[in-house]
Amino acid sequence: MRAVGVTAFGGPEALHVVDVPPEPLGPGQVRVRVTAAAVSPTDTHLREGAYTGRDPVQQFPYVPGMDAAGVLAEVGPDTDTDLRVGDRVMAIVVPSGAHGAYREDLVLPVGSVVRSPQGSTDAEAATLPMNGLTARLALDLMGLRAGQVLAVTGAAGAFGGYAVQLGRADGLTVVADASEADEQLVRDLGAHVVVRRGDDVAARIREAFPDGADGLADGAVQDALVLPAVRDGGAVATVRGYRGDGSGRVAVHPTLVRRVAQDRAALDRLREQAEQGVLTLRVARTLPAEDAAEAHRLLARGGVRGRLVLTF
């Protein structure tokens, strides 16, 4: 079975095509013939060996990838699902050893798989599961109410863009950051107010909303720098495990998408919102799976708007 992974940790050049055995199909599982796998920063950290300590497999090859789309190939025994063989599907993947989205055949819990949005390509569908679920979880953890102010950093990125759009759909007032080049993009995503990105973004948010934001989704991973943007008693959702400065002035919620990787209802709701035009599926570029190293190089250079997607 063809996959893209690493047999030694390192830079992008460590990625290459590897042969892996098919995964067995058990109860409550489905098999997906993967045609598209989105590339994310998490994949680059896995490639470098950052997550090996918590991986129960503890052997090479390691295959990255948290987003897959393709065709449902098989349904396991005793699996309760309305999915049918031949359906176009998208899925979130929790990588472990050779079990990652960068492979052409993948067995997954049925709760991690839903139909792809109607009218989407497989590459577009692959951009939604991980970042969409992370953004949804971030908003749910903060528990904001309609009419409150949501700030989003990294708003031009994949997580940030979905946070802007989901916040807008939730009835929140959204203030988001952007470079000058990305300002129109972020406005088009639905931000009510756009401020210039940078280390002083908290001050710029306070200029726009002197009382502070009620919640902040920190897609830019600025951690302590953005805490002053939030009012006393407000909330911050972080995406790399940051837990705050210890002051307790604001509630800090590390947003770990693994917690909702089998929340089929949440993933299917994202599908519906994509079909309704609430969420925009953004593909920056597709590359054949054999060019995964180049995709990782492009991501490392920065400035990618939308997702890079590998095709099988």
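Tutor: The lining of the largest pocket comprises 18 nonpolar, 16 polar and eight charged residues. Here Ala, Val, Leu, Ile, Met, Phe, Trp, Tyr, Cys and Pro count as nonpolar, Asp, Glu, Lys and Arg as charged, and the others, Gly among them, as polar. This is a predicted model, in which local features need pLDDT of at least 70 and side-chain atom pairs count only at pLDDT 80 or more, while totals for chains, interfaces and linings use all residues. Residues are numbered from 1 along each chain as its sequence is written, and side-chain values use heavy atoms, with hydrogens and water left out.

Student: What makes a space a pocket, and which residues lie nearest the centre of the largest pocket?

Tutor: On a 1 Å grid over the protein atoms alone, a pocket is an open set of points with protein on both sides within 12 Å along at least five of seven lines, whereas a cavity is a set where a 1.4 Å probe fits but cannot get out; lining residues have an atom within 4 Å of a point. By that criterion the largest pocket is lined by 42 residues, with P41, G219, V221, V239 and R240 nearest its centre. Elements giving two or more residues to this lining are α1 (41–48), α3 (129–142), α4 (158–169), β9 and β15 (307–311). The volume of the largest pocket is about 1200 Å³, a volume being the space filled by probe spheres set on the points, which are joined across faces, edges and corners.

Student: Which residues line the largest cavity?

Tutor: Its lining consists of T127, A158, G161, Y162, Q165, L189, T280, R282, G306 and R307. Helix α4 gives the most, with four residues. The largest cavity holds about 60 Å³ of space, and the structure has one cavity of 30 Å³ or more.

Student: Why is A295 called buried?

Tutor: Buried means under 20% relative accessible area, exposed over 50%, and partly exposed in between (1.4 Å probe, protein chains only). A295 has 0% relative accessibility, and therefore counts as buried. A295 lies in helix α8 (residues 292–301), where helices (H or I, at least four residues) and strands (E, at least two) are DSSP runs, numbered from the N terminus. Contact means heavy atoms within 4.5 Å, and A295 touches V39, L287, L308 and L310, not counting residues up to four places away in sequence.

Student: Why is H253 placed in another class, partly exposed?

Tutor: Because its relative accessibility is 22%, H253 counts as partly exposed. H253 lies in strand β13 (residues 251–254). Beyond its neighbours within four places in sequence, H253 is in contact with L141, M142, A235, V236, A237 and T238.

Student: How do you know that the buried residues of α6 line one face of the helix?

Tutor: In α6 (residues 201–208), V201, A202 and I205 are buried. Seen down the helix axis, the buried residues fall within an arc of 105°, so they line one face; the arc is that of the directions from the helix axis to the C-beta atoms. These buried residues pack against β8 (149–153), β9 (173–178), β10 (193–196) and β11 (213–218).

Student: What makes a set of residues a nonpolar core?

Tutor: The members are buried Ala, Val, Leu, Ile, Met, Phe, Trp, Tyr and Cys residues joined through side-chain atoms within 4.5 Å. The largest such core has 49 residues, of which L128, L133, M142, L150, V152, V164 and V186 touch the most other members. Helix α3 gives the most to this core, with seven residues. A second, separate core of 36 residues includes L83, V93, V110 and L310.
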